[in-house]
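Dear colleague,

I am passing on a structure that you have not worked with before, together with some notes on what was found in it. Please look at the sequence and the model first, and then read on.

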Amino acid sequence: MSLLFTPLDLAGRTIRNRLWVAPMCQYSAQDGMPNDWHHVHLAQFASGGAGVVISEATAVLPEGRISPEDVGLWNDAQRDAWAPVAASIRARGALPGMQLAHAGRKASTWSPFSGHRGSVPAADGGWQTVAPSAIAYDGFAEPAALDERGIDEIVVAFAAAAERAVAAGFEMLEIHAAHGYLLHQFLSPLSNTRTDAYGGSLENRARLLLDIVDAVRAAAPAALVTVRFSAEDWAEGGWDAAQTATVAAWTAEHGAVFFDISSGGLVAHQRITTGPGYQVPLAAAVRAEAGVVVGAVGEITSGAQAEAILAAGDADVILAAREWLRDPHFALRAATELGEASALTSALWPAQYHRAMPR
């Protein structure tokens, strides 16, 4: 069997393969509520053979949304709306995951579907953003620097959202510390100039993330807790793979079991050259230096390419986003490319479908 379609045992759970769906913002919610669009969007990937399907960035507080159209999980009505989505993913053989997020200084921005860019004014439904320091992302409104009470409230909000996510049926909880959002803002010295216990040294800049991992594990002890990192700011003096590896090892000690390695998003002046598999070396570096289970992402578009990444030992899992949008049956296509189609088909469907199929 190929490596891509070899099941992965992760902290007591067996996941049917190593080709997963990365979070993809849909900007299609109202008041943080997922709807039929989100249900169909996510369940189709489970039908297409994904091992894990992870929700888009799901805000733990209203002011943590990237845009007013983002989904959330700060109340029980949202929990109840998410439940059938998780059930549909699980019924189709995939493990349902949820990415818990707070956008920090990149919150309260216009949806890309709006035709506008920048921060949404209060008159149009926007709000005051928060960050580790009062440093704006280029072109966005200046955030308010969080005080310790505000930081504590965010930790509590992540824990409450984790509890709701598990109650809704999600089994994996990914803490979003990438792409320039709040936790990444605390990690990077380019956006965190604090002089208290949450700024300065690497230990201090990582403190909020570690506090949140602890709080999420306490609130949802049965869940797989994972972290998404941007392993490189692509800007001088910023966050990099070496710091990522160090903090990944720390979060593993606190109970995180998997690391989704992306990059960029913190500053508008980043200098990044993209191309097929361009972020894979970052995943490989974190895996080698921290000794943790990692996923690679970034322009991975075929079964052969994904298999080669795993065979080289650069990652344990492949995550994709745009390729799943282009082909919601990406895993079935990749299995065919790798000569695994019959094996995947027999493993794909729950037992009740096998019994119903003609012999």
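Leaving aside its neighbours within four places in sequence, which residues is Gly277 in contact with? Gly277 is in contact with Gly298, Glu299 and Gln305, where contact means heavy atoms within 4.5 Å. Gly277 sits in the loop between β10 (258-262) and α8 (280-290), helices (H or I, at least four residues) and strands (E, at least two) being DSSP runs numbered from the N terminus. Because its relative accessibility is 12%, Gly277 counts as buried; buried means under 20% relative accessible area, exposed over 50%, and partly exposed in between, with a 1.4 Å probe and protein chains only. The C-alpha atoms of Gly277 and Ile54 are separated by 20 Å, and the two residues are 223 apart along the chain.

Before going further, please note that this is a predicted model, in which local features need pLDDT of at least 70 and side-chain atom pairs count only at pLDDT 80 or more, while totals for chains, interfaces and linings use all residues. Residues are numbered from 1 along each chain as its sequence is written, and side-chain values use heavy atoms, with hydrogens and water left out. The mean pLDDT (the predictor's confidence in each residue, from 0 to 100) of the protein chain is 95, and 95% of its residues reach 70 or more. Over residues 351-359, however, the pLDDT is below 50, and this stretch has five contacts in the model beyond near neighbours in sequence.

On a 1 Å grid over the protein atoms alone, a cavity is a set of points where a 1.4 Å probe fits but cannot get out, and a pocket is an open set with protein on both sides within 12 Å along at least five of seven lines; lining residues have an atom within 4 Å of a point. Grid points are joined across faces, edges and corners, and a volume is the space filled by probe spheres set on the points.

The largest pocket has a volume of about 1200 Å³. Of the 45 residues that line this pocket, the closest to its centre are Pro23, His179, Tyr181, Arg228 and Arg322. The elements that give two or more residues to the lining are β4 (52-59), β12 (317-320) and α10 (322-326), and α10 gives the most, with four residues.

There is one cavity of 30 Å³ or more, and its lining consists of Ala57, Gly64, Ile66, Ala101, His102, Ala103, His176 and Tyr181.

Ala57 stands opposite Gln99 in β5, and β4 and β5 run parallel, joined by six bridges; two strands pair if DSSP finds at least two bridges between them. In β5 (residues 95-101), seven of the seven residues are buried, with Leu95, Gly97, Gln99 and Ala101 on one side and Pro96, Met98 and Leu100 on the other.

Finally, two backbone angles deserve a look. Ala11, in the loop between β1 (8-10) and β2 (13-15), has a phi near 50 degrees, a positive value in a residue other than glycine, and Ala11 counts as exposed because its relative accessibility is 55%. Trp234, in the loop between β9 (224-230) and α7 (241-253), likewise has a positive phi, near 55 degrees, and is partly exposed, with a relative accessible area of 25%.

With best regards
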